[in-house]
Amino acid sequence: MSQSPAPSPRLLKLGVLAATVAMLAALGLFALTLDARDRTDAGTRLVVTAEGCRPETLNVPAGDTTFTIVNASDRAIEWEILDGVMVLEERENIAPGLHQPLTARLAPGDYTMTCGLLSNPRGTLHVTANDEAAPVARLARQDFIGALAEYKVYLTLQGRRLTDAADTLHQAIAAGDLGSARAAYRRARLIDQRLAMATGLFSDLDQRLNARASDFARRENDPQFVGFQRLAHSLFTAGSTEGLAPVAAQLGEDARTLTTRLRQASIPPARLADGSARALQVWLDHSGDPGADQSALDARERLDLRGLTQGADKIVALLDPLLKRRAPPLRQRLHDALDTLEKALPDSTTAGDGADRDALVADTRALADTLQELNPALALNG
Amino acid sequence: MSSRSLLIAAAAFGLMALQGPARADVEPEALVEPVAEYKLYVLDNLDAFVGHTRDFTRAIEAGELERAQSLYAPTRVYYERIEPVAELFADLDASIDAREDDYEKGVDDPDFTGFHRLEYGLFKQQTTDGLAPYARRLMSDVKDLESRVQGLTFPPAKVVGGAAALMEEVAATKVSGEEDRYSHTDLWDFQGNVDGSQKIFALFKPLIAEEDPAFVERVEDNFAAVEATLAHYRLAANDPEAGFVSYEKVSDKDRRALVGPVTVLAEDLSTLRGKLGL
């Protein structure tokens, strides 16, 4: 036995009393969480048994709903609300006997619920539109975080591909391989045009990459004239790689710088649609001139337009969930305008003999105009 | 009822009372960059996951038992890191990572596939016989996962909530050793979950560091405590690739020592969403 002196009886009594009170309090709290009966369960109650959900079908109004999941099976379960295969909300590891609350904000529609074992039948969750509910809240700034983040990822990944393509182009030019250089130019330029809206944020890089001969005093012969248009002039018009190596090397450096800046850029949400419309407008300013005496657009003008359209498509896809909520008719018109243009611009590198120039110009103008309606519809100010 | 669960319940109530209302002084636009960086992190890990899965499943198809066994844990670790995003796809999460307990007929259930079905064959039955179809299915599921994640706009609340979800996962199923019950490679998964959680915390930390330095310090201390315990069980102190000893060799005392900081991390990190206004 230990040698420590016995505590005084008074202290012992106090200790026992304190321990008992603490024990009872804790027991009470624990019982509350464990043993809540129906009347204390918040919101919509759903019991998961060894066989599945009870009831198997739930009907709730759109908006915030609190579910209380009761695990009446003999093993820990997880409960999920699924939209197709996507998990919208879940509670993992609900112990047997527990009542677990979960609050979800749901849009009208049909969803499924997992009910314990994966081999159990799924439950059905009907969310009905609720006319009495407040009208859909205005979009908050939070609503754009996902789209803006995804756009940044897109820009970063495209920037890396642009850098790779520019390096390939540089190698082909250094080797004096005209055919490979032309092919590499097309690959790089398509990516460059997808990024046109974002590149426009940086005037120095935009000029070095995308300026046209007409922007310079001495046009094609101006020493300041570099970038894609300078390369295209030699590769396609003059049919030579001669003297292009420094220009191609600079292009690769600029692509690298662009990628770094895009990763750090902060793009305001209103810029997404406006910037895309503006990039299309620049193309129209050069290629859509009604005075130009051309029956067909040349292959490079169509290539540029294809890149610009793909860039706009990405923007529309990112804003799609918001457009679905706020402006379904505009959303439809945007998809139609994109479809029309994408169908008219097949993935081809041959000159545009078949494409009807006037129709392509009109389709492009329609897309640019529709994009300009987007910010007012989403209540975004530039 | 054990006195430990009482203590945990009491501690949880105490913590909740202390936390008070969540603050949201962070500009929504400030969340764009960390969410984007997190997706890039997930894409890098998925890329490695696809490569490792290819090696792992090829070893199985070639009947190389020992090689397949040695590749099991180093392959899974990538899934464990990105679980908050990967488990958004319910069908693939089930076919890649479900455990036998999720099925009525357990290991014999025809729908039981993925890592844990392969684990059962490789470590319990000690053979690659009959596993080739599961290996092929895993490979195609992992590729499917990669292409779906590439096309996914990450929901910001799920990204931020992922930091706590990963630690809850550790507390719920890793400490007990039930996740990898045949291979006893639980510490690999454990490290994967901790890595994934720390990455999310590190990305959002600059947004709260000034406002809440005490919170940041507590979280970092607890991560350090978990890392220190894990380091104790590494096969080679300076080589993370070497991995960990069998979970059977982790003492009860250390298992209990992990519960504390992991539980507090899960609690603390669950306030991150509120702090960031999500």
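What follows is a walk from one selection to the next.

This is a predicted model, so keep its rules in mind: local features need pLDDT of at least 70, side-chain atom pairs count only at pLDDT 80 or more, and totals for chains, interfaces and linings use all residues. Residues are numbered from 1 along each chain as its sequence is written, chains are lettered from A and ligands numbered from 1 in the order in which they are written, and side-chain values use heavy atoms, with hydrogens and water left out.

**Stop 1: chain A**

Select chain A and colour it by secondary structure. You get twelve helices and nine strands, taken as DSSP runs (helices are H or I with at least four residues, strands are E with at least two, numbered from the N terminus). Now colour by domain: there is domain 1 (45-128), domain 2 (148-267) and domain 3 (268-288 + 296-382), with bounds from an automatic or database domain assignment. The C-alpha centres of domain 1 and domain 2 of chain A are 52 Å apart.

Of the 382 residues in chain A, 42% count as buried (buried means under 20% relative accessible area, exposed over 50%, partly exposed in between, with a 1.4 Å probe and protein chains only).

**Stop 2**

In soluble globular proteins, nonpolar side chains tend to be buried together. Select Tyr151(A), Leu319(A), Phe56(B), Leu145(B), Phe190(B) and Leu269(B): in the largest nonpolar core, of 159 residues, these touch the most other members. Domain 2 (148-267) and domain 3 (268-288 + 296-382) of chain A each give this core at least three residues. A nonpolar core here is a set of buried Ala, Val, Leu, Ile, Met, Phe, Trp, Tyr and Cys residues joined through side-chain atoms within 4.5 Å.

Zoom in on Leu319(A). Which residues is Leu319(A) in contact with, leaving aside its neighbours within four places in sequence? They are Phe144(A), Ala147(A), Leu272(A), Leu374(A) and Leu378(A), where contact means heavy atoms within 4.5 Å. Then pick Leu46(A), Val60(A), Leu106(A) and Leu125(A), which are among the members of a second, separate core of 19 residues.

**Stop 3: where the chains meet**

Show both chains. Here 36 residues of chain A are in contact with 41 residues of chain B. The area buried between them is about 3200 Å², with 65% from carbon and sulfur atoms; buried area is the accessible area (1.4 Å probe) that two parts lose on being put together, summed over both.

How many salt bridges does the rule find across the interface of chain A and chain B? There are four, a salt bridge being a side-chain nitrogen of Lys or Arg within 4 Å of a carboxyl oxygen of Asp or Glu.

**Stop 4**

The partners are 164 residues apart: Glu150(A) is in helix α2 (residues 145-174) of chain A and Lys314(A) in helix α9 (residues 299-326) of chain A. Is Glu150(A) buried or exposed? Glu150(A) is buried at 4% relative accessible area, while Lys314(A) is partly exposed at 22%.

Next, select Glu373(A) and Arg333(A), a salt bridge at 2.7 Å, N to O. Arg333(A) belongs to helix α10 (residues 328-344) of chain A, and Glu373(A) to the loop between α11 (357-372) and α12 (374-377) of chain A.

Over in chain B, Lys174(B) and Glu179(B) meet in a salt bridge (3.6 Å, N to O), and both residues are buried. They belong to a network of salt bridges that includes Arg76(B), Asp97(B) and Asp189(B).

**Stop 5**

Most residues other than glycine have a negative phi, and most peptide bonds are trans. Go to Arg54(A) and Pro55(A): the peptide bond between them is cis, with omega near -5°. Pro55(A) is in the loop between β2 (53-54) and β3 (57-61) of chain A.

Finish with Gln126(B), which is not a glycine but has a positive phi of about 55°. Gln126(B) is in the loop between α6 (115-124) and α7 (132-150) of chain B, and is partly exposed at 44% relative accessibility.
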